[in-house]
Amino acid sequence: MAAVQETIDQVKSIDVTEYKYGFVTELEVDKPAKGLTEDTVRYISARKNEPEWMLEWRLDAFRRWKTMTEPTWSRVNYPPIDYQALYYYAAPKKGASPKSLDEVDPAILETYKKLGIPLREQEILAGVAPENRVAVDAVFDSVSVVTTFKKELAQAGVIFCSISEAIQEHPELVRKYLATVVPVTDNYFATLNSAVFTDGSFVYIPKGVRCPMELSTYFRINEQNTGQFERTLIIADEGAYVSYLEGCTAPKRDENQLHAAVVELIALDDAEIKYSTVQNWFPGDAEGKGGIYNFVTKRGDCRGKNSKISWTQVETGSAITWKYPSCILRGDGSRGEFYSIAVSNGMQQVDSGTKMLHLGKNTTSKIIAKGIAAGKSDSTYRGIVSAHRKATGARNFTNCDSLLIGDQCGAHTIPYIEAKTATAIFEHEATTSKIGEDQMFYCQQRGLSEEEAVALIVNGFVKEVLQQLPMEFAVEAQKLITISLEGSVG
Amino acid sequence: MAIVTPLKTAAEQQLVQQYADSKAELPGGPAVRKLREDAFAGFESKGLPHRRLESWRYTDLRTLLREARPLAGGAAVTAAVKARLDALKLDGLRLVLVDGVFAPELSTLDAIPEGVSVQSLAEALVSPREDLTRILAGPSVGHDDMGLALNTALMRDGVFIEIADGIELEQRIVIVSLASGEEERAVFHRSVVLAGKSTKGTIVEISEAVGNAAQQINGAIVFETGDESEIQHVRIVTCQQAATVEVQSLLATVGAHAKFDSFALICNAGTVRQQHFVRYAGEHTEIGLRGVNLINKAQHSDVTLIVDHEVPNGTSRELFKTIAGGEATGVFQGKVIVRKYAQKTDGGMRSNALLLNDGASMYNKPELEIFADDVVCGHGATVAQIDGDQLFYLMARGLPRPQAEALVLQAFAGEAVEFITDGDVRDLVIGEVESWLKAREAASEVSTV
Amino acid sequence: MLEIRNLVVKIADEDKQILNGLNLTVNDGEVAAIMGPNGSGKSTLSYVIAGKEDYEVLDGEILLNGENVLEMEADARAAAGIFLAFQYPLEIPGVATMTFLKAAMNAQRKARGQDELLTPDFIKQVNAAADKLGIAKDMLRRPLNVGFSGGEKKRMEILQMALLSPSMCILDETDSGLDIDALRIVAEGVNALRDKSRGFLVITHYQRLLDHIVPDTVHVMSKGKIVKTGGKELALELEKSGYAAYGEAA
């Protein structure tokens, strides 16, 4: 109940439709000309001092992208994106490629401080037990500004750095695994990303290593009219374990901003990757002006036997969300999980879900998706669970529930359940309802205000997913959900 | 993005030719002719439904119809057809279609009760009433469906039944649609049932074939039922050739404070695609769509439905049970739409499948599309095998495995069958299910999962 | 007579061995109790005797009246006279209890070369047996075990035992989930079926069931074997001292 009270206080202290991460940091930045040509791709590659093979890879992706068309099957509406009106690279001028935090522009450090993400290790260490430490890779527009705790991680053999650095320092790993889960031409946005990705995180956990701390990346879009195309690659070698967190925010701007990321996870034999996202991109204002277009391809490959990949996402931001974190259950006995909370309010449109593709024998998967739609928003769960002919003993359990608040929103469920082996056991349940008047009355009769009652009931509704998040993020996510729903009742 | 598909398959070209050749002789006045033209123009721009169309994702007619068979021109009343009709035990007002053409001499027209009128659709089309033209145009939810469009363009006959306000049918109406099956033919038929205010009754549709030639059947039945009516529809599709491809559309518009139930049994058929387009014309109405699909060998059963809640206070229940053996494929695609003003909608949809052996597949896609907040909607879909613990329990009581399986399977199917309120019809359906299971038991087929 | 010799059993798809060379004899007319801690393999033993497929017999044999039953399917074992009263009777939605009872009785009669029961005789038999166990007619019309309380399910098991008149009855934790009144009714039902041609194997964790169904012999099972055999006083002893002496926590 303490958390609930805290949530309520927080809600009361802010204005309706307030997005508290909406400030802009004034910086001098490096940008190429607007628009996307082969030259833009060359510019990005050159700025990053990339080897020739990487440039060729990007150019190939760019050429393929030009032959593709934007997908239209999802349940989202937006005016056509003018890909020539965007900037594809933006890096703070001051202290480019910093060697240490002292070289980072103080304005950026101040930005992360305001966002509640301290980057100075001594600040993080103050009063935090070692097991609760979190290593952070901070990505600001197109570049990674700093990665913390690199030394400690290196002692354990863990590689945690920006993908740009990995291309320089660990080309053999990058070449071995990049685009092996999300092929270059997987989809329109993934191909675009392959051509122009700017930065992102790279993680490699060697055989048998349990990563000694949580790893996280914090993405911030600051510049106007700038697309962010991050690329993340995480590899857990045999028997390794890693828990990775991702957070995102952007300033309030009247224009829509494009974010098209690709995240690839690879788990080898007996490895486990836990990937959590708290996505809080600017959702646009109450009239639907501005906000991030979030077109993301996230996919995990349980390549080894008995490997496990678990996705947890709390989605409260973005004007448009188009995102299906998926698992390819290739290894025998592998397991995929997807836990999701998607909160939409105002004019937000969410089309999100997962794919669980059972290929190996005795693979299991679990999907828990909770959608909460308020205001004039539209929320769609779209998912595929399929068992290949040879995936004997495949098991899936899916539960997707939607909660509607107000009569202007929509909630939709589009699951595909495909069993091509007779030994599969698939169970799928879905419900859509509103907060029960009886429940509300009961809570109010016990003295809770309407707002408190909604917060309480919503917290109960999403609890199963919140429990999957590391403790401090769960509290954060819970607050975020309540704030996102602010003004939706009454 | 509209998928524009040039007509390129042999079957598509043949259909164009057939339409051109036969449109002059297909029945209908100018209004009907225009309907046919519009529908066929739609077909010409889109072609046969194929797997890239979301609603036909799992039943690709382009692949299934390699060639379009010649249109059946009239009823071939063979001895086998007569024998089958003699053997049919179900009482009631019997209306017989042979090869899609109404055969009054085989029907029991003297049994038409007061307040009920029956006409052949071909006759009704000649100078159709204004409302019939509107009804034939179909609801908007089915407009872009090419299976239905082909039916509109090429329908030759069927029955047009009207039940006057306040009439409660004492005996059921049985529409028997037989394919003579002497030659491979394409059959396009449509029946229309207008049931007035406060009517009650059961309409049974039986679709069978007697000969050995595979058919291409495209049938449709349209219901418009009035306020406070209680109409039950039961369809049995059986005794078809393995290579027969059958598309059956059900279109229903149901009045206020009414009940409409439809049940369909598919067994011993080839490829069957059923599509239900159902909408509410008034509040406080309950609609139930249910069915049992018994498939084995290379059989294919696709149930695709759209239930459109356009008004408040509607209740809908869908329950489909699929038992698939051999190399059979079961498909269930259900979509419940709750529009913005359809508050207090209560929707529940379930699809359960049991797979009996490797090789059998099941595809489920239960969709909810909800724009109103004060609703209770849910769906469930399961794919599994016969419960091993249940089987063991029955066998530990002495039941041999095939018998134990039959009992479990019958109970599984029974959950949907029990909603049929007409006792004789329910018994007929149970009998069909039992004989399908008996045949399996006799062949000592047991599940190998 | 049931004879089990050196029975070694593992779970079919796993390496886990549950029974490790178990020996046991239950004579006609004898009521034998097996007691043991959770996880000692008691339920596995009952399933393996009845022919559940999830287990693999690695060694040993199970003889019913001298005939090895291990090659027989579960239904054939039932017809041969083995009856297992389940710890958790299965719910079978859609199958009316009467339909099921008739199917089971006739299947066994058929297997023994007897004619099918005439419906009036069948109903008479069921009603008589149901009355004795206090089973309401309404229960017989409902789908098998669906929505039955714990006590109702156990009574239904005993009803089936009475109707199928097996020669070897195995009761797997029949007392679990029963209050004292239900326990008494069930025990009385079992006692009424005791006679010199019929053996009973009563599996239980607690002694209290044995107050109502008094055994001739008590076996203690631990780690997949019978480790001690005695008279009914052994049960009382166990109640006091627990299973700790047998190398396992209770």
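A:Gln84 counts as exposed, because it has 10 C-beta neighbours inside 10 Å, where a residue is called exposed if 12 or fewer other C-beta atoms lie within 10 Å of its own, buried if 20 or more do, and partly exposed in between, with C-beta atoms placed from the backbone. The structure is a predicted model, in which local features need pLDDT of at least 70 and side-chain atom pairs count only at pLDDT 80 or more, while totals for chains, interfaces and linings use all residues. Residues are numbered from 1 along each chain as its sequence is written, and chains are lettered from A and ligands numbered from 1 in the order in which they are written.

A:Gln84 is found in the loop between α3 and β2 (91–92) of chain A, where helices (H or I, at least four residues) and strands (E, at least two) are DSSP runs numbered from the N terminus. Although A:Gln84 and A:Leu36 are 48 residues apart in sequence, their C-alpha atoms are 5.6 Å apart in space. Leaving aside neighbours within four places in sequence, A:Gln84 is in contact with A:Lys34, A:Gly35 and A:Leu36, a contact being two C-beta atoms, placed from the backbone, within 7 Å.

Helix α3 of chain A (residues 52–66) also meets helix α9 of chain A (residues 188–196), and their axes come within 7 Å and cross at roughly 145 degrees; axes are lines fitted to C-alpha atoms, for helices over the stretch in contact, and angles run from 0 to 180 degrees between N-to-C directions. Among the residues that meet are A:Phe62 and A:Trp65 in α3(A), and A:Leu192 and A:Ala195 in α9(A).

The largest nonpolar core has 352 residues, and A:Val242 is one of those with the most contacts inside it; such a core is a set of buried Ala, Val, Leu, Ile, Met, Phe, Trp, Tyr and Cys residues joined through C-beta atoms within 7 Å. The largest share of this core, nine residues, comes from helix α9 (residues 401–417) of chain B. Leaving aside neighbours within four places in sequence, A:Val242 is in contact with residues including A:Val203, A:Ala236 and A:Ile273.

Between the chains, the contact of chain A with chain B takes 31 residues from chain A and 32 residues from chain B. The elements that give two or more residues to the chain A side are β22 (410–419) and β23 (425–434). Six bridges join β22(A) to strand β18 (residues 361–370) of chain B, and the two run antiparallel, strands being paired if DSSP finds at least two bridges between them. Chain C touches chain B as well, with 21 residues of chain C in contact with 18 residues of chain B.
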